[in-house]
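Subject: the model, and my notes on it

Hi,

Here is the structure I promised to pass on. Have a look at it first, then read my notes below.

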Amino acid sequence: MTPITPLHAIATNFANRVVCGEEDKDIKIAEDAKPQPWFFDVICHGNKSGIPTPLINGQYVEITVEQLAAFIEAQPGYHHQPVRLLICWVGKYPNGFAQQLARKLRVPVLAAPGLIRADWLECLE
């Protein structure tokens, strides 16, 4: 299992959101999406298997529910509010990553079942 320490080292904090992984052009576009005050946003890449894959040292690394939950809980802007995962594919399966994260954090989690185009994020507002 990949340790969660590298995730903390590369996170960028916002008032009610965090970027998990290094920034690239899509992540930077997602950062400009209007935050919703009732959600804590997590911005990250994800793969078609429904697993978050933050970019760490130029490599996409799969992380577990436990790792992302610990990462979220360590953020100063997270206060056990509902979570919006701006991560492709993590809402793909009924008992997949997003549902497991919701159970782990004990809060509602909103997630996309497919590809999120960063330039379409206004549709989520």
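Strands β3 and β6 pair in the parallel sense, over four bridges; pairing here asks for at least two DSSP bridges between two strands.

Buried means under 20% relative accessible area, exposed means over 50%, and partly exposed is what lies in between (1.4 Å probe, protein chains only). One thing to look at on your screen: β2, helix α2 (residues 25-31) and β3 form a left-handed β-α-β unit. The convention is that a crossover is right-handed if, with the strands pointing away from the viewer, the path from the first strand over the helix to the second runs clockwise.

Before going further, some ground rules. This is a predicted model, in which local features need pLDDT of at least 70 and side-chain atom pairs count only at pLDDT 80 or more, while totals for chains, interfaces and linings use all residues. Residues are numbered from 1 along each chain as its sequence is written, and side-chain values use heavy atoms, with hydrogens and water left out.

pLDDT is the predictor's confidence in each residue, on a scale from 0 to 100. The protein has a mean of 86, and 84% of its residues reach 70 or more. Where pLDDT is low, the predicted coordinates should not be read in detail.

As for the overall layout, there are four helices and seven strands, in the order α-β-β-α-β-β-β-α-β-α-β along the sequence. Of the 125 residues, 47% are buried. Taking contacts (heavy atoms within 4.5 Å) with a separation of 6 or more, 65% are between residues 24 or more positions apart.

Now helix α4. Which of its residues are buried? In this helix, residues 97-105, they are Phe97, Ala98, Leu101, Ala102 and Leu105. They sit on the same side of α4, because they cover an arc of only 135° around the axis, the arc being that of the directions from the helix axis to the C-beta atoms. The general point is that an α-helix has 3.6 residues a turn, so residues three or four places apart point the same way. The buried residues of α4 pack against α3, β6 (83-86) and β7 (109-111). After α4 comes Arg106, with a positive phi near 60°.

Val65 is buried at 8% relative accessible area, and beyond its neighbours within four places in sequence it is in contact with Phe97, Gln100, Leu101 and Lys104. Val65 and Lys104 are 39 residues apart in sequence, yet their C-alpha atoms are 7.9 Å apart.

Asn57, at about 55°, is in the loop between β4 (55-56) and β5 (59-60) and is exposed, at 69%. Trp89, at about 70°, is in the loop between β6 and α4 but is buried, at 18%.

Ala15 is in the loop between β1 (12-13) and β2 and is exposed, with 72% relative accessibility. From Ala15 to Phe40 it is 25 residues in sequence and 8.8 Å in space, C-alpha to C-alpha.

Last, the cysteines. How many disulfides are there? With a disulfide taken as a pair of cysteine sulfur atoms within 2.5 Å, the count is zero. Cys44 is buried at 5%, and its sulfur is 4.3 Å from the closest cysteine sulfur, in Cys20, so too far for a bond. Cys88 is buried too, at 13%, and its closest cysteine sulfur, in Cys44, is 9.7 Å away, which is also too far for a bond.

Cheers

Methods
Helices (H or I, at least four residues) and strands (E, at least two) are DSSP runs, numbered from the N terminus.
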